[in-house]
Amino acid sequence: MALVEECDNYPFDKFTQERVAGVPEQKGPGDCGVYCLKYIECHATGDDFSASSLCNKNVKAIRSRYACDIFKETDCKGPRIRDWDGLDPFDGRC
C-alpha cells in the first residue's frame with residue numbers, strides 16, 4: 001500500500017519464499033498462532049525448530065505456557081466491573 005505519488009518507489013517485484021525442510025507443520029485447526037509464535041521465539045533465540053518439542057501433541061501445553069507468560073507480563077487482572085452487555089466482535093465499530 002502506498003500513496004499514488006509514491007508508487008514509483010515500490011516496484012511490483014514478485015515475492016520469494018523458501019521452504020525449510022524438517023520444520024514441524026500445524027495439523028490441527030486453530031493452532032497457527034501457537035506455531036507462529038513458537039517459530040518467532042525459536043528464530044529470535046537461535047533454537048532449532050525441533051519436531052520433538054513443537055508438535056501437535058505439545059500444542060496445548062505451549063498455548064497454556066504462552067497464556068501464563070502473557071498474564072504474568074501484563075499483570076492482567078481484568079476489568080474491575082465486568083459489564084460486557086452489548087459488546088460485539090467489532091467493539092461497536094462497524
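**Exercise 1: a charged pair within a helix**

At 32% relative accessibility, Glu-41 falls in the partly exposed class. This value, like the others here, comes from a predicted model.

Task: Find which residue forms a salt bridge with Glu-41, and say where the two lie.

Solution: 
1. General idea first: side chains of opposite charge can pair when their charged atoms come close.
2. The partner is Lys-38, with 3.5 Å between the closest N and O atoms. A salt bridge needs such atoms within 4 Å, so this pair counts.
3. Both Glu-41 and Lys-38 sit in helix α1, three residues apart, or about one turn of the helix.
4. Lys-38 itself is buried, at 14% relative accessible area.

**Exercise 2: a pair across the chain**

Task: Work out which parts of the chain are linked by the salt bridge between Arg-63 and Asp-31.

Solution: 
1. The closest N and O atoms of Arg-63 and Asp-31 are 2.6 Å apart.
2. Arg-63 belongs to helix α2 (residues 59–74), while Asp-31 is in the segment before α1 (32–45); the two are 32 residues apart, so the pair links distant parts of the chain.
3. Arg-63 is partly exposed at 36%, whereas Asp-31 is buried at 11%.

**Exercise 3: sulfur atoms**

Solution: 
1. The structure's disulfide count is zero.

How values were computed
Residues are numbered from 1 along each chain as its sequence is written. This is a predicted model: local features need pLDDT of at least 70, side-chain atom pairs count only at pLDDT 80 or more; totals for chains, interfaces and linings use all residues. Side-chain values use heavy atoms; hydrogens and water are left out. A disulfide is a pair of cysteine sulfur atoms within 2.5 Å. A salt bridge is a side-chain nitrogen of Lys or Arg within 4 Å of a carboxyl oxygen of Asp or Glu. Helices (H or I, at least four residues) and strands (E, at least two) are DSSP runs, numbered from the N terminus. Buried means under 20% relative accessible area, exposed over 50%, partly exposed in between (1.4 Å probe, protein chains only).
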